[in-house]
Amino acid sequence: MLRRLLALSLTICSMSSLPANEPASASPGKRPNIIWLSCEDISAHIGCYGDEDAITPNIDGLAKQGVRYSNVFTTAGVCAPCRSAIITGIYQSTLGTHHMRCNAKLPDFVKPFSTYMRQAGYYCTNNSKEDYQFKTPKGSWDESSRKAHWKNRKDDSQPFFAVFNFGGCHESGIANEEKYNEVTKVLSNNQRQDPDNLTLPPYYPDTPIVREDWKRNYELITAMDLWVAERIQELKDHGVYEDTIIMFWSDHGVGLPRAKRWLYESGTRIPLVIRIPESFRIANQGMPATVDDQLISSLDFAPTVLNLASIKLPEYFQGRAFLGQNLTQPRDYVFGARDRMDERYDIIRAVRDKQFRYIRNYEPFKPYYQYMNTPEKGATMKELRRVFAEGKLPEPAALFMSDSKPAEELYDLQSDPYEINNLAADEAYKEVLDRMRDVHLDWVVETRDIGLIPESEIQRREKTTSARYNILLNADPKLIERIRNVANLAIGGTENFPKLVAALDDQDSVVRYWAAIGIGNLSDVASSAKPKLISAIQDEAPCVRIAAARALLKLNSPELALPVLKQELASEHEWGRLRAAIVLGEAGELAQPLIPEMKACLKDQPNKYITRVANRTLNVLLGTDNVVN
């Protein structure tokens, strides 16, 4: 039953490696222009969403002429993974674009959906952010640049699909005073905010510095609202306003701690407002001043645009169209994934229905706030660290300064909109927990979640599969189930120990990796597994060797683990190097003998993330304050 519901929710058609039939226009009549007004790093801090602090008259006006969608969520809490899913219609965790700042290769049959728009006769422009985590294929856009504009088409009768992106409200606009001042210089005095009058979320300390960041967020949004007005006025000035469907949306939540990069409401719930001119409305869709509460994923944007343009959807799409003709059933669930954020891994998955959010932490032994260079530069993150050190954080904020996380989180969004009260251990919610867990576990298999494969192993396997997407597509159909099952055993209790030890003998290295991780997580009872771990540090896969070395460190056997990690720090596998550096950071004083090797990581590395992690570990061990990029 759960599988059937999930399949219905995802609307996954064929996931075959064969290309779909070429999409073609299904309507000989006049087709709508479609324009996307996208912005970065904002939650629904907008007047039409009930935020009394917001100053957003233009978006509010757009909502009065169209539909405000109240349950819209991104597939990740950060830009590039989300944008890869939006442009392809495939989850980033299926496509292999899930790690922040990776560079995947698309399978030959997967195209940015704008390609199908162009094939159907649309003039397609992008101004100008791509950030797809893969090289944009030729033919994706008529023009993609800061000068790209629908006005540049040679034939005014040609329908257009145009993307405009406002980057001023990116987290850098909050953190960087120069950028903040530049973006907000267009505001009048009555469009400025008084930080003392704003309502802070309970997971932040109430200090003047935090309030200043919160104020900047609102003022950047107001600047964005003025930009929206300019884009709309362009349509009116050129006489195409009533021929153009307007979609306004954000790529993920606000660019502050516990929001951006996270899978909570603050990181994944976004605004979406759509205006459909009267001549293009069907079946009461797009009625002015209405609110639609159906669950929508940003994965659904591509199929919806194609459907509105009467273009056949590719069979490999994992989303569903929520506007246009011949709609499938609305979703029961939306899904999110968090993977490597810059230099730190933290595998987290989320399922959301209309009332509850379920979160699965696959690496609960890691703190919520791992040290990452970029967010640590922000004033709010610095305040969280400072006030926590003073022991003065309010309880909701202190929760997220913990050194570890629960394996499961469950929140009732109706009674707990800020997701503070974890109900996963509450017997009264066991039925809900079991249901949401099952939906998540099915989703991992149905979507072939490549995020459970260590990045070094992805890099090794894609050499023979041509694209990351194909790694699990072409593998034994049961492999993803085996990986999923052992990954979940690895975050369980001591009763799982015998199964984890047995899984060290699995034929697949990813299963062996998760077995070693799980044994390391159960170090209090894992001494009997030491002989097998000693064998595992000689495994052919770097991810297994490093996971086994980590487990041996947990068993207080640095004499066995450190030589392995020393070797991996200098290996040909860049993501193995990063994993080894992270394990040494977790090891504390046990890592002291490899200080020279970590110092060597401060230069000439295949990526900057290895340097960042090594530098952080050295600063902790040596009491220094060295800064790297």
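Predicted model: local features only at pLDDT ≥ 70, side-chain atom pairs only at ≥ 80, totals over all residues.
Which residue lies over the face of Y345, and at what distance from the ring centre? The residue is R579, which lies over the face of Y345 at 4.1 Å from the ring centre.

**Nonpolar cores**

- In soluble globular proteins, nonpolar side chains tend to be buried together.
- The largest nonpolar core of this model has 90 residues, and those that touch the most other members are Y362, L410, W514, I519, L565 and M598.
- Helix α21, which spans residues 542-554, supplies the largest share of this core, namely nine residues.
- Leaving aside residues up to four places away in sequence, Y362 touches I347, R349, H440, L441, V444, L452, A487, N488, I491 and W514.
- Another core, of 61 residues, lies apart from the largest one, and its members include L37, L200, Y264 and I348.

**Helix α12 and its surroundings**

- Helix α12 covers residues 379-389, and its buried residues are T380, M381, E383, L384 and V387.
- When the helix is seen down its axis, these buried residues of α12 fall within an arc of 160°, so they line one face of the helix.
- Among the elements that cover the buried residues of α12 are α8 (208-237), α11 (373-376) and α13 (395-398).
- Just after α12 comes G391, which takes a positive phi of about 70°.

**Aromatic pairs and a cluster**

- A pair of aromatic rings is described by the distance of the centres and the angle of the planes.
- The structure holds 30 aromatic pairs, and two of them are described here as examples.
- The rings of W141 and F161 have centres 6.2 Å apart and planes at 15°, and because planes under 30 degrees apart count as stacked, this pair is stacked.
- The pair links distant parts of the chain, since W141 sits in the loop between β4 (123-127) and β5 (143-144) whereas F161 belongs to strand β6 (residues 160-166), 20 residues apart.
- Both W141 and F161 are buried.
- The rings of Y333 and F335 have their centres 6.4 Å apart and their planes at 50°, so this pair is tilted.
- Y333 counts as buried at 5% relative accessibility, and F335 is also buried, with a relative accessible area of 3%.
- One aromatic cluster is formed by W36, F113, W141, F161, W249 and F301.

**Arginine over a ring**

- R231 lies over the face of F164, at 5.8 Å from the ring centre.
- R579 is placed over the face of Y345, at 4.1 Å from the ring centre.

Methods. Residues numbered from 1 in each chain as written. Heavy atoms only, no water. Core = buried A, V, L, I, M, F, W, Y, C linked by side-chain atoms within 4.5 Å. Buried < 20%, exposed > 50% of the residue type's maximum accessible area, 1.4 Å probe, protein only. Helix = DSSP H or I, 4+ residues; strand = E, 2+ residues; numbered from the N terminus. Contact = heavy atoms within 4.5 Å. Arc of directions from axis to C-beta. Phe/Tyr/Trp six-rings, centres within 6.5 Å; stacked < 30°, edge-to-face > 60°. Lys NZ or Arg CZ within 6 Å of the ring centre and 35° of its normal.
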